[in-house]
Amino acid sequence: MTTPNELRLLPWSGPGDKPCYLSTDDPDGYMSRLADSIEAIQLGTAKELLEEASEALDNQDTPLDGMRSLVSELTGALRDVYRVATSRGDLLATSDPRDSAY
């Protein structure tokens with residue numbers, strides 16, 4: 001039986017914003033690759049938003065509505081990045097240290 005520590009937290013939510021998990025021992029399976037791809041997109045989006053936020057902060061003429069919209073997008077991106085970090089941290093915590101190459 002798979003324990004919760006062996007499940008991968010996926011980079012999307014289910015109904016009611018509940019977390020979705022993947023139980024597999026194949027890191028190259030379709031769902032694992034899909035999750036990896038979505039995580040890469042989410043991290044890329046976060047990077048772009050950080051660059052946009054830096055520019056907006058440097059621009060004294062940035063309108064308040066534009067800043068509110070940017071903060072909303074940053075909040076969503078931060079939520080995604082936190083989920084990716086949590087998922088990857090969980091995977092590292094459950095991996096067998098003997099599998100690591102030195």
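Begin by selecting the buried residues of helix α2, namely Leu 70, Ala 77, Arg 83, Val 84 and Ser 87, where buried means under 20% relative accessible area, exposed means over 50%, and partly exposed lies in between (1.4 Å probe, protein chains only). These buried residues of α2 pack against β1 (8–13), β2 (19–22) and α1, with contact meaning heavy atoms within 4.5 Å. This is a predicted model, in which local features need pLDDT of at least 70 and side-chain atom pairs count only at pLDDT 80 or more, while totals for chains, interfaces and linings use all residues. Residues are numbered from 1 along each chain as its sequence is written, and side-chain values use heavy atoms, with hydrogens and water left out.

Now show the whole chain as a cartoon. The secondary structure comes to two helices and two strands, which follow the pattern β-β-α-α when read along the sequence; helices (H or I, at least four residues) and strands (E, at least two) are DSSP runs, numbered from the N terminus. Of the 102 residues in the protein, 21% are buried, and among contacts between residues at least 6 apart in sequence, 53% join residues at least 24 apart.

Next, colour by pLDDT, the predictor's confidence in each residue, from 0 to 100. The mean for the protein is 87, and 87% of its residues reach 70 or more; confidence is lowest in α2, at a mean of 91, and highest in α1, at 95.

Helix α1 (residues 30–58) and helix α2 (residues 64–94) pack at an angle of about 145°, with their axes 9 Å apart, the axes being lines fitted to C-alpha atoms, for helices over the stretch in contact, and angles running from 0 to 180 degrees between N-to-C directions. Where the two helices meet, the residues in α1 include Glu 39, Leu 43, Ala 46 and Leu 50, and those in α2 include Leu 70, Ala 77, Val 84 and Ser 87. The residues of this contact divide into 13 nonpolar, two polar and five charged, where Ala, Val, Leu, Ile, Met, Phe, Trp, Tyr, Cys and Pro count as nonpolar, Asp, Glu, Lys and Arg as charged, and the others, Gly among them, as polar.

Leaving aside neighbours within four places in sequence, Glu 39 is in contact with Arg 8, Leu 9, Pro 11, Val 84, Ser 87 and Arg 88. Ser 87, in helix α2, likewise counts as buried at 1% relative accessibility, and, with neighbours within four places in sequence again left aside, Ser 87 is in contact with Arg 8, Leu 9 and Glu 39.

Finish with the loops. Asp 17, in the loop between β1 and β2, has a positive phi of about 60° although this residue is not a glycine, and Asp 17 is exposed, with a relative accessible area of 56%. Thr 24 sits in the loop between β2 and α1 and is partly exposed, with a relative accessible area of 40%. A distance drawn C-alpha to C-alpha from Thr 24 to Glu 6 gives 8.5 Å in space, for two residues that are 18 apart in sequence.
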